[in-house]
Each structure stands twice: as structure tokens, then as C-alpha cells.
Amino acid sequence: MSLQMITISNNIALIQPGFSLMNFDGQIFFFGQKGWPKRSCPTGVFHFDIKHNHLKLKPAIFSKDSCYLPPLRYPAICTFKGSLESERQYIIHGGKTPNNELSDKIYFMSVVCKNNKKVTFRCTEKDLVGDVPEARYGHSIDMVYSRGKSMGVLFGGRSYMPSTQRTTEKWNSVTDCLPHIYLVDFEFGCATSYILPELQDGLSFHVSIAKNDTIYILGGHSLANNIRPANLYRIKVDLPLGSPAVNCTVLPGGISVSSAILTQINSDEFVIVGGYQFENQKRMVCNIISLEDSKIEIREMETPDWTSDIKHSKIWFGSNMGNGTVFLGIPGDNKQAVSDAFYFYMLRCSEDDVNEDQKTFTNSQTSTEDPGDSTPFEDSEEFCFSAEANSFDGDDEFDTYNEDDEEDESVTGYWITCCPTCNVDINTWVPFYSTELNKPAMIYCSHGDGHWVHAQCMDLAERTLIHLSEGSSKYYCNEHVEIARALQTPKRALPLQKPPMKSLRKKGSGKVLTPAKKSFLRRLFD
């Protein structure tokens, strides 16, 4: 096992507890973020591009016939094999929506176009009838295959209290979902619940492994009893022509763990990493799980060389990248004046089954829960990760794309640096004026060829902003206003009015007076 630190160049604030990773033929995609998605990626799905231990997040593209996929956090995710051998899609159920509500919807996510630059996804929503599972998070969903048919199996999770019991003080209080097993027929959209006597308590953030017609459920956390029981269940599903048969067997040899990350290293072996074993203690031990026929064996394995930061951190989180690799995150050092919110690592649990191209992750791709919003080991910090024994990714070849072909959004549109003190960041921007919805307000500076500046950076009052937007007068930003004043032409002054000189010529007469007449007139008036 090898542990390497990962540096992130952009959008690091998106990677927080609650995210999920999806592996499409070796390409990794990040899903889930807190708050409404970015303008550049309306669904919150990003390509997880890791090269030489350096990560970049690039927005994913969806086809025009896709439905809206909210950036769900803590959903249940599994892979599903379609009718075609090469067709592979992910099933997403539940999770927390951007406004902290719980989803009860099921989405199918598949690749419709792939070239050397970008991957285009299609997302469709599936409606269910029958015993529809309630909205939840922290649960698991897996696919079982029996007698040539397939069925989804959903179990566990947490949900909000019933609306009749929710008060202002307990509006966000959650409870364990009933320990029912749900079989979901995705072809016909039917769901059926089963009550098994072996499953007495609700569990969440457990580990689930599916192989053929069997699912193994390991560990988890019971919110009602506040315990992490060392349970190990085997759920076997038979799909004859008639009604399905579901039975449960309690097996010995379970372990006490919740929020663990599960990754697959070959067709019959898995590795459990991370999680918590007690209320205030991380589980630093790693386990390897072997599946042979209908037997399961769990044993401890050599732990990686954990760094001191990982050892002393109170919380950690992450997700499975596929190919025996796990992505881990821990809180940053708050003692420093300038510190990242989280530090990230990549743990490779198997070196033998990963080729050189996959080691460098030249092909790969990325909700967020504020660390201050929840204390360590609460439900918001718990995770459930499941895997299927038939979903192991081989040494598939994949295409790469040239980063230089990507549009640089830092100098286009509203996401620009308008002045030396510009404080509008595409990753952290929030509405400042009441007139703003999904982009910062801007105003045009008339200096030179003109340029756009953010109204917030110019310290404009909202009344002034509205006044300027309604008028046609020129505006100069703080940086250019002095230049504009210096070049301003003085106001044109009216010319001085000089009194007209009196004419000795008789008004209205064109005759000239002779000297004799002038002398006569002087004597007359004197």
C-alpha cells in the first residue's frame, strides 16, 4: 500500500464530506457539492483529472435529452450492466439536495459520447411504483443477478423525522430508516419491501458488497442505540419466474466500523479503509475481504504508513476511485493564518493490478458540507460506499485531452479580475445585491476602449447601481476616475457682452451732416 499527497489547483472548496466518485472505464468523475452548482457546471459533476499527483477539476457535459441531476451528497450509488456488454451505467438514489432536503429519486447516468477531449453524459430519472423507499441518505444500493434476471437491492439509511413530529427545534433531526429490504425492478419500475426477522435495527453508513445473487452487509451505525455493531449479514436473492425469494443469514466474523471506504483489488478481493470504530476514534486498521463461492473471509492487512496529520486528525472522509485506489481527505491546519480547508491523499491498495497509465491517472475527474456545520462523527460525516464483485475495472485504455483546448473562464464573462483589489471569486461568490441571482452585477467603465467592473468591487450602493443602470451617463471605475477628471474639458463660458458704441449718425437716416449743420445743432441744444 502506498500513500501520496495530492495537490489541487482549482475548485478545491468543492471537495468536502459527502461527495462521490464514479469510474467510467478508468476515467474518474466527481459528483456532489454543497449549495447550488456552479454556472460552468449546472449538475455538479466534474472530471477528476490527476496527473503526477496534481488534481484539476473540469466541468462535465450532459446531453440535451438529460434530466436535471442535482448535486446530491451522501447518496447510494452502484453500477449496472446494461443489455450491451460494453454498456455501463451508474444508479444514484437518495442523498441530500442543495437546500438540505432528502431525495427519493432514482437517476441513471451513462456515457453517450467519448472523444479525446471530453465525455458527454446522459442522465435519466426513473419513477417507481409499489413500496417506494422513502427519501434517505447514508444507505446502500446494489445489483444482484439470478436466473438471467437482475434486481436492485436497497437497504438502510437515515431520514428526517415525520412531518407530524418535526418542530422548529427538531426540524433537521434524523432517525434510522426501518430495516426493510427493498427489491427494485428497474425494467418495470416496481419496488417491493421485505421484512426479515434477522434485521432488527436500522443501520446506516455500512459496507455492502454484491456478488451474483448475494449481498454482504458489514458494520454500520445504529442511531437509535448509538452503537456500531460488529454484524455481518448475508442477503441472498432468488429471482424465479414467480415472486422473488429473499432470505438473510447472520454470519460470524464481522467488524465494528462505520463510514468505511471499500475498494476492489481483484475479482474476489476487496479492501476496507478508514471509517470509525467508536464515537471519538477513527479506525486506522485496514481489512481485506475475500469472497469465494458462498464464503466470506475478513482479515487484517498491513496498514499504510499514515502521516502524522492523518493520525492526529479527528475526522477523515473519502471515496473509492476504482482499481484499488482510495481518495482521502482530512481537515487542514486551522492554526496557520492561511490554510486549506482540507488536505487530500491518494491511497493505492494494490500495485500489481494497476498498469502504468492508471498509476499516473492521465485520464481522470470532482458539495459541500461546511466543516463547522457538524461535529465529528455525526451523521453528516458518515459515509456508505458499496462495490460489486463484477464491477472491477480492468486495464482499459482511455483517451486524454489537451488542457490548452479548455476555455479559460478566469478572463471571460462575469468571472474576471476587474481591478487590482477584485474580490469576486468564481468558487466563493455569493449574491451581494438583491438584484443578483446567479452572477455578480457589473457596470461599464468608459475609460479608453471601455471595460467591465464588478459593482461590489467598486463599493457601489444598490441604489446607485440601479440609478446608473437606468441612465445613459458615463461611469468611471475607481482606478480610472482620476484620469477621467484630469482629461475633462472645462465648461464653456459665455462671452462677455460689450455695450455698443453710440453712433453720431442719426438712426434710420443715411444722410451725412455738414459742418454748418453740426454747428447749428450745437447752438440749438445749448
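I searched the whole structure for disulfides (pairs of cysteine sulfur atoms within 2.5 Å) and found 0. I then checked Cys123: it is in no disulfide, and the nearest cysteine sulfur, that of Cys67, is 3.8 Å away.

The model is predicted, so I kept local features only at pLDDT of at least 70 and side-chain atom pairs only at pLDDT 80 or more, while totals for chains, interfaces and linings use all residues. Residues are numbered from 1 along each chain as its sequence is written, and side-chain values use heavy atoms, with hydrogens and water left out.

I looked up the exposure of Cys123, which is buried with a relative accessible area of 0%. Buried means under 20% relative accessible area, exposed over 50%, and partly exposed in between (1.4 Å probe, protein chains only). Cys418 also counts as buried, at 8% relative accessibility.

Next I turned to strand β8. Helices (H or I, at least four residues) and strands (E, at least two) are DSSP runs, numbered from the N terminus.

I then listed the neighbours of β8; two strands pair if DSSP finds at least two bridges between them. Strand β7 (residues 76-81) pairs with β8 in the antiparallel sense over 6 bridges, and Phe80 stands opposite Gln89. Strand β9 (residues 106-114) runs antiparallel to β8, joined by 5 bridges, with Ile106 as the bridge partner of His93.
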